[in-house]
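My notes follow in the order I checked them.

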Amino acid sequence: MLCLPLSPTEHDASRMSYSAIVDNPAPNVEDIQAAARRIGSHIVKTPVLASPRLSAQIKGSVVLKLESSQRTGSFKIRGALNAILTIPTHHRERGVVTASTGNHGRALAAAARDLGVPCLVGLSVSVPASRADAIRALGANVVIAGDSQDEAVDHLRPIASSKGMAFIHPFDDAAVIAGQGTVGLEMMAQIAELDTVLVPVSGGGLASGIAIAVKGLSPGLDVIGVSSAACPAMFASIKAGRPIQVSEEPSIADNLGGGIGLHNRLTFLIVQSLVQQMLLVDDQEVRQAMRELFAQTRLLVEGAGAASTAGLLQLSGKLDGRRVGVVVSGANMDPLTWATLISSPS
Ligand SMILES: *Cc1c(COP(=O)(O)O)cnc(C)c1O
């Protein structure tokens, strides 16, 4: 598979530095610590699990961070809660709007219900009906809008502003990034001597938040991002040096689908400056990782959630002696589909 090492020195000349983002609205470690206090009572402080099998395979020490056990089945409730809780109270009651390929919509709906706030979720036509039903079951209104994530965003933003509701972007939002960064804070507290973190990347909100948190506390730590080869929007954008659009193919890591937005404000620059390396994994590798994770944990992990483990396996031989934290980001997959993927040969 393709592997693009992004050593900071190699790219320094062409990149805008993270600290130089004009009107820098990106969160810092203190913002992430504040987010942790704000959302603490609404989320699960998810467990970490040492993995002897994966440790042996990479000749290092692997610890899994199980956000698959988070409320709503993914880490996205963290960013959603922090985003709603940072809206001034008088504005909050008008409600929140988003566009999402699934897990963010579900998370925002759950967070809005917790906080007694109306919620509208726009889904692109490609999102399976079961996802829409799950979001409706949480009390949110659902509209189907646009062929892609980016189109759904374009459709929903004006609706939000006309109704005075707050639009909560799934990843390109400082409060969302700060919320997702709380995963990194927990990992730093839970895993001693962590030196490498592997994170699945779609829009890059999770990777951005985690990178700001862990590198803020321990600057020498390496963050490695893992994109799906079926929709390598961030990978290709980093390679191109600017946000670009890629075509999207169906994938078992469907929650890694969607673009990063041609007018990306935050996550592209944050990933570009704080993530050391980006990897691509294909469906075959993701499926293998799902099997490994089941063998190791007996847990159902969705494709997107297994992508970081697939990246880890791709790097075996290159992480000798490292203490690696692997973010297992979600568990939202139809169990029958999952069982079929796990049990059929290769
Ligand atoms: C959204 C999501 C990701 C990717 O997060 P981004 O912030 O978009 O990069 C990874 N895994 C799961 C399970 C997700 O739902």
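**Salt bridges**

Lys65 sits in strand β3 (residues 61-66) and Glu186 in helix α9 (residues 174-190), so I noted a link between distant parts of the chain, 121 residues apart. I wrote down that the model is a predicted one.

Is Lys65 buried or exposed? Lys65 counts as buried because its relative accessibility is 0%, and the cut-off for buried is under 20%. Glu186 has 11% relative accessibility and therefore also counts as buried.

Next I checked Glu67, which forms a salt bridge with Arg78; their closest N and O atoms are 2.7 Å apart. Glu67 is in the loop between β3 and α4 (76-85), while Arg78 is in helix α4, so this pair ties together parts that are 11 residues apart in sequence. I found both Glu67 and Arg78 buried.

I then asked which residues are linked in a network of salt bridges. They are Lys65, Glu67, Arg78 and Glu186.

Asp114 is in helix α6 (residues 103-115) and Arg71 in the loop between β3 and α4; the pair links distant parts of the chain, 43 residues apart. Asp114 counts as partly exposed because its relative accessibility is 32%. Arg71 is partly exposed as well, with a relative accessible area of 27%. For the total I recorded eight salt bridges.

**Helix α7**

I went on to helix α7 (residues 129-137) and asked which of its residues are buried. Arg131, Ala132 and Ile135 are the buried ones. They cover an arc of only 100° around the axis, so they lie on the same side of α7. I checked the other side of α7 and found Ala129, Ser130 and Ala137 exposed.

What covers the buried residues of α7? The cover includes α6, β5 (119-123) and β6 (141-144). After α7 comes Gly139, and I noted its positive phi, near 95°.

**Ligand site**

How many residues surround the ligand? I have 16 in my notes, the closest being Lys76, Asn103, Ser202, Gly204 and Ser329.

I then went through some atom pairs. A backbone N or O atom of Ser202 is 2.8 Å from an oxygen atom of the ligand. For Leu206, a backbone N or O atom lies 2.9 Å from an oxygen atom of the ligand. Ser329 uses its side chain: an N or O atom there is 2.6 Å from a nitrogen atom of the ligand. I also looked up the area: the ligand taken alone exposes 380 Å², and the protein buries 97% of that.

Most residues other than glycine have a negative phi, so I noted the exceptions I came across. Lys59 has a positive phi, near 55°, and is not a glycine. Lys59 lies in the loop between α3 (52-58) and β3. With 60% relative accessibility, Lys59 counts as exposed.

Glu193 is not a glycine either, yet has a positive phi of about 55°. I placed Glu193 in the loop between α9 and β8 (196-200). Glu193 counts as exposed because its relative accessibility is 71%.

Key:
Residues numbered from 1 in each chain as written. Predicted model: local features only at pLDDT ≥ 70, side-chain atom pairs only at ≥ 80, totals over all residues. Heavy atoms only, no water. Salt bridge = Lys/Arg side-chain N within 4 Å of Asp/Glu carboxyl O. Helix = DSSP H or I, 4+ residues; strand = E, 2+ residues; numbered from the N terminus. Buried < 20%, exposed > 50% of the residue type's maximum accessible area, 1.4 Å probe, protein only. Arc of directions from axis to C-beta. Contact = heavy atoms within 4.5 Å. Near = heavy atom within 4 Å. Polar contact = N/O pair within 3.5 Å; in protein donor to acceptor, adjacent residues only side chain to side chain. Areas by Shrake-Rupley, 256 points an atom, 1.4 Å probe, with all protein chains shown as cover.
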